[in-house]
Amino acid sequence: MGLSAAEAFDALGKDYETAFAGLTAQRDELDWLVTELSEGARVLDVGCGTGRPTAETLAAAGLDVTGVDVSPRMVDIARTQVPGARFEVADLRTLTFPAGSWDAVVAFFPLLQLTRAEIDAALAKFAGWLAPGGIFLLATVPADIENVEVEFMGKPVTVSSYPREVYRERLAGLGLRVVREQVIEFRPDHPGAAPEHDLFMAARKP
Ligand SMILES: C[S@@+](CC[C@H](N)C(=O)[O-])C[C@H]1O[C@@H](n2cnc3c(N)ncnc32)[C@H](O)[C@@H]1O
């Protein structure tokens, strides 16, 4: 059994941000999201990490950003680095909001340490939290894997995911329309991280 997400990311802290600083596709997706939202739009950043680049970019663009993360250390770093957004410690598996609370929900890589049943439940919650016309923006490593033990940046973790087509099907099944997707190859800048494929997928609620 690998470390919990809180244990792994409390240990990684800023090293995660440094290793993924070259992930330009993530910045491209954020730039796109900003063009789709109005000033002051409510954005939830799930698994916000250190707040960079996601919450920082979105808050600087005039959006009303709340970040949540299960790692207290990540939330501490985010609060220091991004004073223009709010941050809370929360586990997305137990997090609740009223239907229609958010104009966008961003989830860049917080689903990998969930089971498949938890991934399905999280996607359903995110879809329900979106206001009409709202956007869900997902990033993950697309793969047909369930409860696989891997080492990530030197930390043992247990990961699950789905192939790209399954995410597309899941989002469509939740009534969202996939409007944008890409898979890119990325090599994190860290000796303990292998090259990976990353999926970015955006879907809109009618
Ligand atoms: C791979 S990092 C990505 C951080 C940030 N989204 C980014 O792309 O720069 C994943 C983040 O999701 C958080 N996370 C993992 N499982 C979570 C859960 N169940 N609830 C909330 N956050 C979670 C981790 O603590 C970590 O900060």
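Predicted model: local features only at pLDDT ≥ 70, side-chain atom pairs only at ≥ 80, totals over all residues.
**Exercise 1. Classify a ring pair**

Is the pair of Phe20 and Phe186 stacked, edge-to-face or tilted?

Solution. 
- Recall what is needed. A pair of aromatic rings is described by the distance of the centres and the angle of the planes.
- Count the pairs. The model has 13 aromatic pairs.
- Take the values. The centres of the Phe20 and Phe186 rings are 5.5 Å apart, and the planes meet at 40°.
- Apply the cut-offs. Under 30 degrees counts as stacked and over 60 as edge-to-face. The angle here is 40°, so the pair is tilted.
- Place the residues. Phe20 is in the loop between helix H2 and helix H3, while Phe186 belongs to strand E8.
- Check burial. Phe20 has a relative accessible area of 9% and is buried. Phe186 is buried too, at 10%.
- Look at the cluster. Ring pairs join Phe20 and Phe186 with Phe9, Tyr16 and Phe152.

**Exercise 2. A second pair**

What parts of the chain does the pair of Phe109 and Phe200 tie together?

Solution. 
- Describe the geometry. The pair is edge-to-face, with 6.2 Å from centre to centre and 80° between the planes.
- Locate both rings. Phe109 lies in the loop between strand E4 and helix H6, and Phe200 lies in strand E9, so the pair ties together parts 91 residues apart in sequence.
- Note the burial. Both Phe109 and Phe200 are buried.

**Exercise 3. The buried face of H1**

Why do the buried residues of H1 line one face of the helix?

Solution. 
- List them. Ala6, Ala8, Phe9 and Leu12 are buried in helix H1, residues 5-12.
- View down the axis. These buried residues fall within an arc of 165°, so they line one face.
- Find the partners. The buried residues of H1 pack against H2, helix H5, strand E6 and strand E7.
- See what follows. After H1 comes Gly13, with a positive phi near 50°.

Technical notes. Residues numbered from 1 in each chain as written. Heavy atoms only, no water. Phe/Tyr/Trp six-rings, centres within 6.5 Å; stacked < 30°, edge-to-face > 60°. Helix = DSSP H or I, 4+ residues; strand = E, 2+ residues; numbered from the N terminus. Buried < 20%, exposed > 50% of the residue type's maximum accessible area, 1.4 Å probe, protein only. Arc of directions from axis to C-beta. Contact = heavy atoms within 4.5 Å.
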